[in-house]
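Please walk me through this structure step by step. Start with how its parts pack together, then go down to single residues.

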Amino acid sequence: CNHFFETSSFLHLLKMILGHCFTAFLTRCLLVLCGYRSYQALETGDWKTDPHWMTFWLLYGVVQFLEFWLDFVLFMVPFYFELKLGLYIYLGLFDGAVTVYDKVGKQFILTAEAKLHDACETPQLKPFVQQAKQQLKKAEQLVKRK
């Protein structure tokens, strides 16, 4: 038990000395670990872990997108970077990605998809959507030839 407090005190001291750089460093280390575990899941052919890692990277992308647009507010939140690190630990190492996706993300994406589909069917956007589909078909045909 005493060793835990010594380690915790050491980490706290590093955090005080290095500040945000320490949290950013830990976040990068965690992302490398998650990337390596994703690689292992792909290479071993263990299809049971693939949904976890696909969901993790989807949610990671969502967090990065939101952070890009909300950065001017988020940096004022106390312990924001520590909370984000905790979120990544939960999502990646404690199977939180699938849990969060099932409870929140799936419904959000389905709602957004329906709204996007409705928007694409409006008379103003329909010609652009048709043109994009035609360009996509041409690109697919080019890829098939090569």
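How do the axes of α3 and α4 lie, and at what angle do they cross? In this predicted model, the two axes come within 10 Å and cross at roughly 165°. An angle over 145° counts as roughly antiparallel, and therefore α3 and α4 are roughly antiparallel to each other. Their crossing is right-handed.

Step back for the overall plan. The protein has six helices and zero strands. Along the sequence the pattern reads α-α-α-α-α-α. There are 146 residues in the protein, and 18% of them count as buried. Now take the contacts with a separation of 6 or more. Residues 24 or more positions apart account for 57% of them.

Return to α3 and α4. Which residues meet there? From α3 come His52, Trp53, Phe56, Leu59, Tyr60, Val63, Gln64, Glu67 and Leu74. From α4 come Tyr80, Phe81, Lys84, Leu87, Tyr88, Leu91 and Gly92. By class, this contact has eleven nonpolar, three polar and two charged residues.

Glu67 deserves a look of its own. This residue sits in helix α3. Is Glu67 buried or exposed? Its relative accessibility is 11%. The cut-off for buried is under 20%, so Glu67 counts as buried. Leaving aside neighbours within four places in sequence, Glu67 is in contact with Leu74, Tyr80, Phe81 and Lys84.

Helix α3 has another partner. The helix α5 covers residues 96-120. Two packed helices are described by the angle between their axes and the distance between the axes. For α3 and α5, the angle is about 55° and the axes are 10 Å apart. That makes α3 oblique to α5. Here α3 passes α5 in a left-handed crossing. On the α3 side, the contact is made by Pro51, His52, Thr55, Phe56, Leu58 and Leu59. On the α5 side, Ala97, Val98, Val100, Tyr101 and Ile109 take part. The contact of α3 with α5 has nine nonpolar, two polar and no charged residues.

Thr55 is found in helix α3. Its relative accessible area is 12%, so Thr55 is buried. Residues up to four places away in sequence are not counted in what follows. Thr55 touches Ala97, Val98 and Tyr101.

Between α4 and α5 runs a loop, and Asp95 is found in it. Most residues other than glycine have a negative phi. What is phi for Asp95? The value is near 55°, which is positive, and this residue is not a glycine. Asp95 has a relative accessible area of 42%.

Next, the aromatic rings. How many aromatic pairs are there? The count comes to seven. One of them joins Tyr60 and Tyr88. Their ring centres are 5.3 Å apart, with 50° between the planes, and the pair is tilted. This pair links distant parts of the chain. Tyr60 lies in helix α3 (residues 50-74), Tyr88 lies in helix α4 (residues 80-93), and 28 residues separate them. Tyr88 has a relative accessible area of 0%, so Tyr88 is buried. Another pair is made by Phe68 and Trp69. The ring centres of Phe68 and Trp69 are 5.0 Å apart and their planes are at 85°, so this pair is edge-to-face. Both Phe68 and Trp69 are exposed. There is also a cluster. Phe56, Trp57, Tyr60 and Tyr88 form one aromatic cluster.

The last stop is Cys34. Where is Cys34 placed? The residue is in helix α2, which covers residues 20-44. With a relative accessible area of 0%, Cys34 is buried. Setting aside neighbours within four places in sequence, Cys34 is in contact with Trp53, Phe56, Trp57 and Gly92. Phe56 and Trp57 also belong to the aromatic cluster. Tyr88 is another member of that cluster. Cys34 and Tyr88 are 54 residues apart in sequence, and 9.4 Å apart in space, C-alpha to C-alpha.

Note on methods. Residues numbered from 1 in each chain as written. Predicted model: local features only at pLDDT ≥ 70, side-chain atom pairs only at ≥ 80, totals over all residues. Heavy atoms only, no water. Phe/Tyr/Trp six-rings, centres within 6.5 Å; stacked < 30°, edge-to-face > 60°. Helix = DSSP H or I, 4+ residues; strand = E, 2+ residues; numbered from the N terminus. Buried < 20%, exposed > 50% of the residue type's maximum accessible area, 1.4 Å probe, protein only. Axes fitted to C-alpha atoms, helices over the stretch in contact; angles between N-to-C directions. Parallel < 35°, antiparallel > 145°, perpendicular 65-115°, else oblique. Left-handed = near helix turned anticlockwise from the far one by under 90°. Contact = heavy atoms within 4.5 Å. Nonpolar A, V, L, I, M, F, W, Y, C, P; charged D, E, K, R; others polar.
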